Amino acid sequence: MARSALLNVMVQAVFKAGKSLARDFGEVQNLQVSLKGPADYVSQADRKAERIIREELMKARPTYGFLGEEGEEIKGTDGAHRWIVDPLDGTTNFLHGIPHFAISVALERQGEIVGAVVFNPATDELYTAERGGGAFLNDRRLRVGARKALSDAVIGTGTPHLGRGNHGKYLVELRHVMGEVAGIRRMGSASLDLAYVAAGRFDGFWERDLAAWDMAAGLLLIREAGGWSTDAEGGGKPLEAGSIVCGNEHIAKALREVIQRPIPSK
Ligand code: 2AM
Ligand code: CA
Ligand code: CA
Ligand code: CA
């Protein structure tokens, strides 16, 4: 696996931020936590990790733009390139001592994601992809799952949060999906969920109300692992629509069909 210099910059940045997160995870009860909205927590750990990543990336490419969850967007002087960063994806898990969270870093070039890194510092799993170069978990090449039938499939999802999303509509989707698949998982870190689809651990995944930083890196991982993704309405623009349905082509199309079933009338 040959990584470009730019991907190496991204990997070094997530390793450095990962050390900071791992330290904070060990003393999570001492962290200052604040609320951004209902059930929408942010901690010192999120902010510190974003600062580290921003510094590392901006040092390497001072002209690129930077969009991170926890800070003001920086419009770069180079209009073509932008980093899209979630410094801690799975804050709720992190704050509960659940070792399932990740740093997600994507590089966008002229509106297309060309580089992706998702790193879980609690397990040392590093997912990387470059456009046209395949997707990897550490040194192992990834391929999405081969199962074609929904009845054999394990499907990941994210549930709407307190005060956000259409809970009623989601419950109908969930009920429809439960009636068709082998199993459902709800892990709590969208970028890792997408990485799991790329790795064939999940056969498919869907979630609504996601931001660009939750999905940008995972989308490239899935694509480079031979997978398929659309937004929940069936368009090809999850980043703009803020929703995603993915898997191999068979599973993603079948899953989309199931979640689009109309709400049954009584
Ligand atoms: P976060 O941990 O970076 O906030 C899980 O369903 C996904 O939703 C995670 O990727 C999580 O990202 C995000 N999330 C969790 N709580 C949220 C909230 N209250 N509003 C919006 N997104 C949230
Ligand atoms: Ca958050
Ligand atoms: Ca997130
Ligand atoms: Ca986050």
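An oxygen atom of ligand 1 lies 3.2 Å from an N or O atom in the side chain of Glu69, a polar contact in the sense of a pair of N or O atoms within 3.5 Å (within protein, one must be able to donate a hydrogen and the other to accept it, and residues adjacent in sequence count only if both atoms are side-chain atoms). Backbone atoms take part as well: a polar backbone atom of Leu88 is 3.1 Å from an oxygen atom of the ligand, and for Thr91 the corresponding distance is 2.8 Å. Taken alone, ligand 1 exposes 480 Å², of which the protein buries 93%, with areas computed by the Shrake-Rupley method and a 1.4 Å probe (for residues, only the protein chains shown count as cover). Of the 16 residues around the ligand, Asp89, Gly90, Thr91, His161 and Glu207 come nearest, where a residue is near if one of its heavy atoms lies within 4 Å.

This is a predicted model, in which local features need pLDDT of at least 70 and side-chain atom pairs count only at pLDDT 80 or more, whereas totals for chains, interfaces and linings use all residues. Residues are numbered from 1 along each chain as its sequence is written, chains are lettered from A and ligands numbered from 1 in the order in which they are written, and side-chain values use heavy atoms, with hydrogens and water left out.

The sheet is open and has 7 strands in the order β3-β4-β5-β6-β7-β8-β9, with mixed pairing; strands (E, at least two residues) and helices (H or I, at least four) are DSSP runs numbered from the N terminus, and two strands pair if DSSP finds at least two bridges between them. The edge strands are β3 and β9 (140-141), each pairing on one side only.

By contrast, Ile263, in the segment after α8 (249-259), is exposed, with a relative accessible area of 56%.

Technical notes. Buried < 20%, exposed > 50% of the residue type's maximum accessible area, 1.4 Å probe, protein only.
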